[in-house]
Amino acid sequence: MDAVVSALLDEGISVLKIGENYYERSVATSNLLYRFFRPGCVVQPTQISEVETIIRVAKSHDVVVTIKNGGHSYTGSSISKEGISLDLSRLNHVIIDMDTETMTLQGGALWGHAYKALVNGSHSGYLVNGGRCHTVGVSGFILRGGSGPFTRSFGMGYDALKEATIVTADARTVIVRDTDRRSTKEGRLF
């Protein structure tokens, strides 16, 4: 793991190590079954290019990457016993475009960030088909289907997804849209 940490630092990536306060906050879990899971390090990127670098370094060192999208995972899906914990919690910006009635959320955004943006923008009469709890991560919610309080009225959370920016396992950034033809790589990935 020392070589991985060194390579990440050489690339300008900030690394949190076991025992550091922010490391401990990142790996904390409400499910005590996973309280002893301790990844080798935690990284908290602030831009997509850093995610690409982290994936590239991990792949070159054959190290497991576990993604934490910012929210909680009672099943322990966002924490591991080894490798790199890729904590997206610093990628949490929300942009509301009232002209198109769309909301753009970064991969580490929580539903609390989305709801706060609606309230702070005084967007009365609008809702987001999101999670019941404000600490649920948006990307995890969408990737697992997304069952929330409005599911019966508006469908699953992923039914409202229009576009996603994804960093692939080979460290490429790909944008996929609901309008992509299903016969294309992007369409299949969407």
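1. Asp 180 sits in the loop that runs between β8 (173-177) and α7 (185-189), and what follows should be read with the caution that this is a predicted model. Although Asp 180 is buried, it has no salt bridge; the nearest side chain of opposite charge is that of Arg 177, which is 4.8 Å away, whereas the cut-off for a salt bridge is 4 Å.

2. Once residues up to four places away in sequence are set aside, Asp 180 touches Ile 175, Glu 186 and Gly 187.

3. The largest nonpolar core comprises 19 residues, and those with the most contacts inside it are Leu 8, Val 43, Ile 54, Ile 84 and Leu 86. At least two residues of this core come from each of α1 (2-10), β2 (41-43), α3 (48-60) and β4 (84-87), with α3 giving the most, namely five residues.

4. In α1, the buried residues are Val 4, Val 5, Ala 7 and Leu 8. Viewed down the axis of α1, these buried residues fall within an arc of 165°, so they line one face of the helix. An α-helix has 3.6 residues a turn, so residues three or four places apart point the same way. The face of α1 that is turned away from the buried side carries the exposed residues Asp 2 and Asp 10.

5. The cover over the buried residues of α1 includes β1 (15-16), β2, α3 and β4. After α1 comes Gly 12, whose phi is positive, near 85°.

6. Helix α4, which spans residues 111-120, has Trp 111, Gly 112, Ala 114, Ala 117 and Leu 118 as buried residues, and what covers the buried residues of α4 includes β5 (94-97), β6 (102-105) and α5 (138-143). Just after α4, Ser 122 adopts a positive phi of about 55°.

Methods: Residues numbered from 1 in each chain as written. Predicted model: local features only at pLDDT ≥ 70, side-chain atom pairs only at ≥ 80, totals over all residues. Heavy atoms only, no water. Core = buried A, V, L, I, M, F, W, Y, C linked by side-chain atoms within 4.5 Å. Buried < 20%, exposed > 50% of the residue type's maximum accessible area, 1.4 Å probe, protein only. Helix = DSSP H or I, 4+ residues; strand = E, 2+ residues; numbered from the N terminus. Lys, Arg positive; Asp, Glu negative; His and termini not counted. Contact = heavy atoms within 4.5 Å. Arc of directions from axis to C-beta.
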